[in-house]
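Please examine the structure shown below before reading on.

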Amino acid sequence: WSAKDDKQQNKIFLSKIQNSMCDTIFPNLLDGDLENDSCPIIVLLLAVSGGCDSIALLHAIMKSLDRKHEIEDSGILSTGKYYMFQYSDRKMTGRDFLCEPHVVHFDHEQRGVESTGDRAFVEDICRTIEVPFHCYSWDDTVAEGESRPFSQEVARDWRRSKLGELLKSLATKKGRRGTILTAHHKDDSNETILLKLLRGAHITNLSGIEPFAKQSGDEDISFARPMLDVTHHSFSVLSETIRQPCGAKSGD
């Protein structure tokens, strides 16, 4: 496995993420706004655990933003900086996607120092690449009177609730849209189909994970999965640089 192979694999990976964002996720998110002369600002809320999958997603998104031409929001409700989404394969004629990236991390506090280490790792990356970092800790639920015995199902509901609240707080400005990006990939989607088969689902219901879906009962909240066209192996074999602070501006 050579450096040339690594570079080519990285290029293919980025291209597939960009295809998914521009061909599927942005059109579904913006819907009728695509008919307008200009699109609203898009909040990209990336759920980053610190594992290979979510770091690869963060890497791809930040590599796809034109960080040489940042636009800093100077308003009273300023939350971050905006960047133009770059599309390497082909031009979106007359169409610019202005994005504001944010990272959210959930510290479940179930693995001691490892949980603390994951949080510090993600926070350090965000500090390096100058992206707003948001973190929720499981112990916070105790202070808020929401504490329940930890389980995967309870933790999933907790994450979805906090993600929705955060997305709404970041995308409340007039003309702003937002979506939650997760690092589900092709292997996850195939596993979903397999589990449905094992449960006896009818062939007409054997779909995998959707690349874009609005939350049932609240259309202001949506989940986007731009990595569904890539396998875990396709990005796990990339060089270690993909798991290092990604997209940092040179000379900073």
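Which residues have the most contacts inside the largest nonpolar core? The model is predicted, so local features need pLDDT of at least 70 and side-chain atom pairs count only at pLDDT 80 or more, while totals for chains, interfaces and linings use all residues. Residues are numbered from 1 along each chain as its sequence is written, and side-chain values use heavy atoms, leaving out hydrogens and water.

A nonpolar core is a set of buried Ala, Val, Leu, Ile, Met, Phe, Trp, Tyr and Cys residues joined through side-chain atoms within 4.5 Å; buried means under 20% relative accessible area, with a 1.4 Å probe and protein chains only. The largest such core has 39 residues, and those with the most contacts inside it are Met-21, Phe-26, Leu-44, Leu-46, Ile-61, Phe-97 and Met-227. Helix 1 (3-30) is among the elements that each supply at least two residues of this core, as are strand 1 (42-47) and helix 2 (52-63). Helices (H or I, at least four residues) and strands (E, at least two) are DSSP runs, numbered from the N terminus. Helix 1 gives the most to this core, with nine residues. A second, separate core of 18 residues includes Val-43, Trp-138, Leu-170 and Ile-180.

Leu-170 is also one of the buried residues of helix 5, which include Trp-158 and Leu-166. Helix 5 (residues 152-170) has 19 residues.

Finally, consider the cysteines. With a disulfide taken as a pair of cysteine sulfur atoms within 2.5 Å, the count comes to zero. For Cys-99, the nearest cysteine sulfur, that of Cys-22, is 8.4 Å away. Cys-99 is buried, with a relative accessible area of 0%.

Methods:
The expected span of a helix is 1.5 Å times one less than its number of residues. Buried means under 20% relative accessible area, exposed over 50%, partly exposed in between (1.4 Å probe, protein chains only).
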